[in-house]
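Hello,

Here is the structure you will be taking over. Please open it alongside this note, and read on for what turned up.

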Amino acid sequence: MERSAEDVWEACLDHIREHVNRQSFKTWFEPLSAQSIEEEENLRKLTIQLPSRFYYEWLEEHYYSLLRKTVTQVLGEDGRLFYDIVVEPDASEGAESSAGARSARPNEGDGAGASSNAGAIGSAASPPQQGSSASAGSANFSEQDSPSESAPDEEDDTVRNPFAIPGIQKATIDSQLNSNYTFDRFIQGDCNRLARSASWAIAQEPGGTSFNPFLVYGGVGLGKTHLIQSIGNQAKETGTADTVLYVSSERFTTEFVQSIQRNRISEFSMFYRQIDLLIVDDVQFFSGKEKTQEEFFHIFNALHQSGKQIVLSADRPPREIDGIEERLLSRFQWGLSADVQAPGLETRIAILQRKAEDDQIDLDQEVIEFIAHNIKSNIRELEGALIRLLAHASLHQRDLDLDLAKEVLRDLMQDVQVNLTIEEIQRIVCEYFDINEDLIRAKTRKREVVRARQIAMYFCKEMTQHSLKTIGLHFGGRDHSTVIHAVKTVEDQVDTDTQFRDAVDQIGRKIELRSR
Ligand SMILES: Nc1ncnc2c1ncn2[C@@H]1O[C@H](COP(=O)(O)OP(=O)(O)OP(=O)(O)O)[C@@H](O)[C@H]1O
């Protein structure tokens, strides 16, 4: 008799339960539910529902192999696991896109915070087959043997309204916001007080304060994206802005270039002029891109003149951003610029406590304090330490106690290469393969360039604390799923190809030597 989706997923859960600890199981697997089981093209496809995009990213990063093995065990070699991210409650429009998500072409409506999406895990030894997607948070993989990468941005031809939800006729704009980035989850401290207060004021009355534009600046992983997205989420929730859009400057640039290629500049420009609250992350990436700056300048003026709110972030004060035209730089400073700094001890403790609470992790205060005492530079590292601790506890079936924290942090300290930058890794990898560095940031899919790009992404993930998003951005605006795919491709090939493994080892040693 055919087994129902629930039965199949139950069998999967039984298998998973044996391989993770109780805490991890409760946190990451219990909230998932089976949606459907289908036979298609000789594949047995089990679809499960995930409560949020965050789950998708977490499962992909931490439990990919386990899920792959589980699906093989339960469904056989032809088994495939698909994800469907449940429509988030505030996204009423998402219901329509949810239905279309699994049949949509890759990257239709691509973007963080889309209300639905789906990804796939293949049970065979190869990386997952293509999962159709309506969100940047979804899987979107290419074949293992293919030299091409899965770079959703490159395949997207929906320039007309890049952020519209597919299937909806009127210009319903998907805000691209991550619903986890809220004020509620943002811990205030001396390091971010001004930026946080100004953000809150703006969210109450977008365009109605003198903080327009509002620019948040500061170093890596200090909460800029979280804060500026909180403004968008809050404004949407309380209805102070109808049309909110979050976009990275890299994504803006890519869409702009595509609109030129497709002769659709006026549509591009019209699209941005409809936004009531425009949030642009990492504006330093506009540096040196004259045409994009010009377009952004006009959009900025149009929005500002009609009282619309503009929120920006940068990794340094506006005056220090090179390669941006003076007229744009001066506009960046019209309103308010506020910095975020590295958090002090109390704030670090509060952040860890909050994270543990949100993720329902039982953590002793002494463990929290130990992490907070030892990880000082940025909040992403702090989160990284907590995640690592969870992963170790889960993988080695250990208690989350101080002893484990000490072991894990020692490893972490050894792993993090001091001052190692993404650019440095790109340079070393390109030198090794004797290719021009610009190529790995360009769109070329030549086999040798793709290989170098994937290896460089792999080392950026392994040896720096940058987020997948940031790594992707440094490789010509690729998104985080491309980085995940690159890392898996390299890991798989290291396992099967000794020549390739030697090359990766040698590059790893070169990076280590130069980064000390
Ligand atoms: N004050 C805070 N309270 C709670 N979580 C925070 C805070 N600041 C940052 N975080 C968390 O730290 C992580 C990194 O933050 P975020 O991505 O916003 O940093 P960023 O400054 O934009 O970094 P980058 O420059 O690399 O883009 C996120 O998961 C975010 O939720």
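The crossing of α7 and α8 is right-handed. A crossing counts as right-handed if the near helix is turned clockwise from the far one by less than a right angle, and as left-handed if anticlockwise. The residues in contact are Ala195, Arg196, Ser199, Ile202 and Ala203 on α7, and Leu227, Ser230, Ile231, Gln234 and Ala235 on α8. Contact here requires C-beta atoms, placed from the backbone, within 7 Å. Six of these residues are nonpolar, three polar and one charged. Nonpolar covers Ala, Val, Leu, Ile, Met, Phe, Trp, Tyr, Cys and Pro; charged covers Asp, Glu, Lys and Arg; the others, Gly among them, are polar.

This is a predicted model: local features need pLDDT of at least 70, side-chain atom pairs count only at pLDDT 80 or more, and totals for chains, interfaces and linings use all residues. Residue numbers start from 1 along each chain as its sequence is written. Helices (H or I, at least four residues) and strands (E, at least two) are DSSP runs, numbered from the N terminus.

Back to the helix pairs. Helix α7 spans residues 193-204, and its axis is 9 Å from that of α8, at an angle of about 25°. Axes are lines fitted to C-alpha atoms, for helices over the stretch in contact, and angles run from 0 to 180 degrees between N-to-C directions. The two helices are therefore roughly parallel. Under 35 degrees is roughly parallel, over 145 roughly antiparallel, 65 to 115 roughly perpendicular, and the rest oblique.

Helices α19 (residues 447-463) and α21 (residues 480-496) pack at about 100°, axes 8 Å apart. They are therefore roughly perpendicular to each other. Arg453, Gln454, Ile455, Met457, Tyr458 and Lys461 of α19 meet Val483, Ala486, Val487, Thr489 and Val490 of α21. That contact has seven nonpolar, two polar and two charged residues.

Now the ligand. How many residues surround the ligand? The shell has 18, and the closest are Ile187, Gly223, Lys224, Thr225 and His226. A residue is near if its C-beta atom, placed from the backbone, lies within 6 Å. The shell has six nonpolar, seven polar and five charged residues. Domain 2 (193-340) and domain 3 (345-415) both contribute to the shell, so the ligand lies between them. The domain bounds come from an automatic or database domain assignment.

Two backbone details remain. Most residues other than glycine have a negative phi, and most peptide bonds are trans. Asparagine 212 and proline 213 are joined by a cis peptide bond, with omega about 5°. Proline 213 sits in the loop between α7 and β5 (214-218). Asparagine 42 has a positive phi, near 65°. Asparagine 42 is in the loop between β1 (33-40) and β2 (43-50).

Best wishes

Conventions
Two residues are in contact if their C-beta atoms, placed from the backbone, lie within 7 Å.
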